[in-house]
Amino acid sequence: MRHSNKSKKILALFLVLMSGFAIFIMVMFYTAVHHRDIPSIYSEESAKAQRGSIISADGYHIATTQKLYKAVVNTRNIDPGKEELFIQLFSIYSGIDPTEIRQRLHTRKGSVTLSYHISQKEAMYLKTLAFELRRLGVFVEYETPDGNRILQGLNVIESGEAREYPYGKLLTPLLGYPRKIEEEGYTRVYGIKGLEKFFDEELNPQQNKTQKALRDVNGYLILNKQSDVKRQINGLTVKLNIPIALQARVETITDKIKEQLQADEIIATVMESKSGKIIALASSNRFEPNHIRREDYPSLNTNAIEYSYEPGSVIKPIIFAIMLDKGLINPYDMVNGHNGRFTMGRKTIVDEHPFSMISAEDVIVHSSNIGIAQLAQKLNGVEYTEGLKRFGFTHFSGIDLPYEKRGSVPSSTQLNNYLYKAITAYGYGMRANAMQLVKAFNVFNNGGKLVNPMVVEALNDDNGRIIPMQVQSPIQVISPATAERMKQILIKTVNEGTGTIAKTPGLEVGGKTGTAHIAKNGGYLNSYHTSFIGFANDHKHKYTIGITVINPKTVYFASITAVPVFKGIVDMMIEEKYLTPDPIAAGAAEEAPTPPPHL
């Protein structure tokens, strides 16, 4: 009996052990074949690459990108007894009014975004605050309906990027402006106008930073050869040929004279004659790129290239040069001035300053419409059209800006007609933009060679690599001899003709005025475009400078609207050491009398 009981106990113990072992085997099998939420031995970090900057020739950051962060808090986690402490501390760290924070906290239960526009510096402070709030016990757990306990503090999350313009309106509308686009909850910036648009692809970030590697017990990455690492590649930096100091002073000159003339706009361009580098491109009409108002809409276009108009008498030297280069005229040929009034078919042409007879070169010096209308008859239609096109008209100027208007010239068939020849010769019946005119006139100051204007010098990456802009080879449009003769005629125009206000002792200054009615709805208004395109040289430097004044209201003659802007810029460039007058030549010039300007 005793032996039987002992056997039963042993059997029972054996069965218990076997059952336990069976359960253990089953658990192990279940664990082996089923998915488990085991913490990964790998960890991953990422960071968004940024849009590149735009910097001036003298190294100032004109357009930069700042990362934006948003601050998110779960209202259920805020201890009601410490809510006011949270509000006051968040207000101090963020600069947001406590009333606004209080209102946002009470809009809904759960996750609330307190701010979408937190700067990188503010984000750093708020992350410190988040740690302190936890330490102070401001956040408490709450239980979900399914029994989970949740504790979320103040989260500061990278949410996007914002474009910053530290110098406000400076260099607008040339800089352009951006727009924001949401991409998977992240705000990206893309260019819409100006340089921001033209170099959008180069400025855009190339590759975000990602790091995937083994982690240690604290969650920090252990980087080694097996780690998957992609480095952050930000957008390229666009470096301009334009220095800030020069640009700012040119803008100031346009602002001042626009107000005096009550003009719609003044556009000024300064270009290095040999290289084509634009060292100033100013408009009197500017805007804040981040705060565009409805009244700014007319100022958003870069009218130096996006606004074409009938240029008036500034086209006369171009027509004259085409004929001179073909040997069709001699500067000393005499032309009948018809005492200031000449009928050609159904068209009566009038000169402001009547002449009986005038030399061919003085047709340019004194801006005779009658003279150039007669001289232009020497060109046939093909020579006329192709000559203008060789100077760059109807072609894009090649400047590194978008949305350029190419303008137009009459066809070769039309220019076989004597009236078309006449009116086109003094700047009507064709259209050009201000940059095309500067590019064309630059031929006279550059040995007959046509070069493309360039705003940007180079693209730079974060590693210091410099990518120079591709420069098109100069095109010989007219012979060097023709260019030199035209240059001397334009100098004479400043010394004796319509541009005398531009005369600057000790410098080689030449140029041509132009005044033309504004065309609208098939007719001409009693308002004007006035222009002065010319050059200013010292013994080392050569600059081509173009001025366009749109609709001056106090007075309309180019000689007293556009020329003073040119003169103001030249005087300023002397002050800024871009030009150095020859003291001997300056002394001799001051002793000679200056003739009054022709209107």
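Modeller: Strand S3 (61-74), strand S4 (111-118), strand S7 (154-164) and strand S8 (178-183) each supply at least two residues to the lining of the second largest pocket. The model is a predicted one, and in it this pocket has a volume of about 320 Å³. Its lining comprises 17 residues, and those closest to the centre of the pocket are Ala162, Arg163, Glu164, Lys180 and Asn290. Sorted by class, the lining of the second largest pocket holds six nonpolar, five polar and six charged residues.

The largest pocket may be set beside it. Its volume is about 850 Å³, and 35 residues line it, with Val350, Asn369, Tyr426, Tyr428 and Thr515 lying nearest its centre. At least two lining residues come from each of strand S19 (347-350), helix H13 (418-425), strand S26 (508-520) and strand S27 (523-537). Of these, S26 gives the most to the lining of the largest pocket, with five residues. The lining of the largest pocket divides into 15 nonpolar, 15 polar and five charged residues.

There remains the packing of the helices, in which helix H2 has two partners to consider. Two packed helices are described by the angle between their axes and the distance between the axes. Helix H2 (residues 83-94) packs on helix H3 (residues 98-105) at an angle of about 130°, and their axes are 9 Å apart. H2 is therefore oblique to H3. Their crossing is right-handed. On the H2 side the contact is made by Glu83, Glu84, Phe86, Ile87, Gln88, Phe90 and Ser91, and on the H3 side by Pro98, Ile101, Arg102 and Leu105. Six nonpolar, two polar and three charged residues make up this contact of H2 with H3.

With helix H4 (residues 120-135), H2 packs at an angle of about 155°, the axes being 9 Å apart. Because of this angle, H2 counts as roughly antiparallel to H4, for which the angle must be over 145 degrees. H2 passes H4 in a right-handed crossing. Here Phe86, Leu89, Phe90, Tyr93 and Ser94 of H2 meet Glu122, Tyr125, Leu126, Leu129 and Leu133 of H4. By class, the contact of H2 with H4 has eight nonpolar residues, one polar and one charged.

Notes
Residues numbered from 1 in each chain as written. Predicted model: local features only at pLDDT ≥ 70, side-chain atom pairs only at ≥ 80, totals over all residues. Heavy atoms only, no water. Axes fitted to C-alpha atoms, helices over the stretch in contact; angles between N-to-C directions. Helix = DSSP H or I, 4+ residues; strand = E, 2+ residues; numbered from the N terminus. Parallel < 35°, antiparallel > 145°, perpendicular 65-115°, else oblique. Left-handed = near helix turned anticlockwise from the far one by under 90°. Contact = heavy atoms within 4.5 Å. Nonpolar A, V, L, I, M, F, W, Y, C, P; charged D, E, K, R; others polar. 1 Å grid on protein atoms, 1.4 Å probe; cavity = no way out; pocket = protein on both sides within 12 Å on 5 of 7 lines; lining within 4 Å. Points joined across faces, edges and corners; volume = space filled by probe spheres on them.
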